[in-house]
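Here is a brief report on selected sites in one structure. Please view the sequence and the model together.

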Amino acid sequence: MIEVEVRGDLEYAIRQLKKKLQIDGIKRELKRREYYEKPSIKKRRKQAEARRKLRKFNRMRRSF
């Protein structure tokens, strides 16, 4: 559950909430679920995400 404590500046709290939503991937998930996704397209998207994740992991591993 995402929580943002508002102490005074409402605009700041909204920016913080948007940032947390983006980091958690909720905005991307909502956008993806807006329309029906065919199973073949879903499979390709998941494979692309796995490749992207693997490349990121390898980049992080090489930096050590």
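## Terms and model

A polar contact here is a pair of N or O atoms within 3.5 Å; within protein, one must be able to donate a hydrogen and the other to accept it. The model is predicted.

## E37 in the α2–α3 loop

E37 sits in the loop between α2 and α3. Its side chain makes a polar contact with the side chain of R45, at 2.9 Å. Beyond neighbours within four places in sequence, E37 is in contact with R32, K42 and R45.

Is E37 buried or exposed? E37 has a relative accessible area of 16%. Buried means under 20%, so E37 counts as buried.

## R33 in the loop

R33 also has its place in the loop between α2 (26–32) and α3 (39–62). R33 is exposed, because its relative accessible area is 61% and the cut-off for exposed is over 50%.

How far apart are R33 and R61 in space, C-alpha to C-alpha? The distance is 33 Å. In sequence, R33 and R61 are 28 residues apart.

## A nonpolar surface patch

V6, L10 and I14 form a nonpolar patch on the surface. Together these residues have about 260 Å² of accessible area.

L10 has a relative accessibility of 49%, so L10 counts as partly exposed. The cut-off for exposed is over 50%.

Methods:
Residues numbered from 1 in each chain as written. Predicted model: local features only at pLDDT ≥ 70, side-chain atom pairs only at ≥ 80, totals over all residues. Heavy atoms only, no water. Helix = DSSP H or I, 4+ residues; strand = E, 2+ residues; numbered from the N terminus. Buried < 20%, exposed > 50% of the residue type's maximum accessible area, 1.4 Å probe, protein only. Contact = heavy atoms within 4.5 Å. Patch = residues over 30% accessible without salt bridge, like charges linked within 9 Å, V, L, I, M, F, W, Y side chains within 5 Å. Areas by Shrake-Rupley, 256 points an atom, 1.4 Å probe, with all protein chains shown as cover. Salt bridge = Lys/Arg side-chain N within 4 Å of Asp/Glu carboxyl O.
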